[in-house]
Amino acid sequence: MKKCIVLATMLIVSMVFAFADTHLGRTENTVTDSSFVVQGYYKGEKENTSVTLAFKDIDNQTIVHSGQSTTGTKVNVSDRHLGSNTGTIFTWSMTGTTTSTTTLKFTFSTLQAEMNDVFYRPTYTLKMTINETRNRNSGGSTLTDTFYSNVTNKTQVVGGGTTTGTKATQSSEFTGASTITYTGKTSSSGYGYGYSSTTWYRSGTCTLNIADYEQTIPGSYHYVCWVIAEYSVQ
């Protein structure tokens, strides 16, 4: 069984404005609180499974993917993600009782903007961090779970290395996608709390830093990165 959730344009969708002041002979660059937008929508048939997957945005507001249209949910991202600042883009949580192997995969496209038939990629870093698996909720006791222990590096840079993408400009679209995959299962059940099986709670966070972007050519830049999140239970 597989439930596919598309957080379309889910990771960044940004508007970085550069205004040229010809009278002063300078370029002013301003990134406002509404410059970055996260969008998402639900795609696929909802199935009755023992697993529930949920997302929250930077303001800890739930992204209701099962009730969204293709226009998605817009979420403001501020300059907390720019320069020396690294900020949260979204958090995810997964709860369930199954002792079968569960796989959760995130696929990220290249963050880029198109203006006047030219494509711009900023210098940016996306990181995914996974937390220890807990019993029932985030405050529960730690469970033995290969979904967590199979991950050698608990904080991973999307694309590998230390930076997801570096500043570049080209006449064609930047292609390629990067994935972060978690897979495993909880080996224990019961725990003597009156429940027939253990409810496990898994969670993680996606953060973003944009260290540099186009600031010399006047115009508005609409940066977009698609994130597809899907899980399967075997």
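Me: Which residue in E12 is the bridge partner of alanine 113?
Reply: Tyrosine 120 is the partner in E12. This is a predicted model, where local features need pLDDT of at least 70, side-chain atom pairs count only at pLDDT 80 or more, and totals for chains, interfaces and linings use all residues. Residues are numbered from 1 along each chain as its sequence is written, and side-chain values use heavy atoms, without hydrogens and water.

Me: What makes E11 and E12 a pair?
Reply: Pairing requires at least two DSSP bridges between strands (E runs of at least two residues, numbered from the N terminus). E11 and E12 (residues 118–121) have three bridges, in the antiparallel sense, so they pair.

Me: Which residues lie nearest the centre of the largest pocket?
Reply: Thr110, Gln112, Phe119, Glu173 and Val224 do, among 13 lining residues. Strands E11 (113–115) and E19 (219–224) each give two or more residues to that lining. Lining residues have an atom within 4 Å of a pocket point; a pocket is an open set of points on a 1 Å grid where a 1.4 Å probe fits, with protein on both sides within 12 Å along at least five of seven lines.

Me: What share of the chain's residues is buried?
Reply: Of the 234 residues, 44% are buried, having under 20% relative accessible area with a 1.4 Å probe, protein chains only.

Technical notes: Helix = DSSP H or I, 4+ residues; strand = E, 2+ residues; numbered from the N terminus. Buried < 20%, exposed > 50% of the residue type's maximum accessible area, 1.4 Å probe, protein only.
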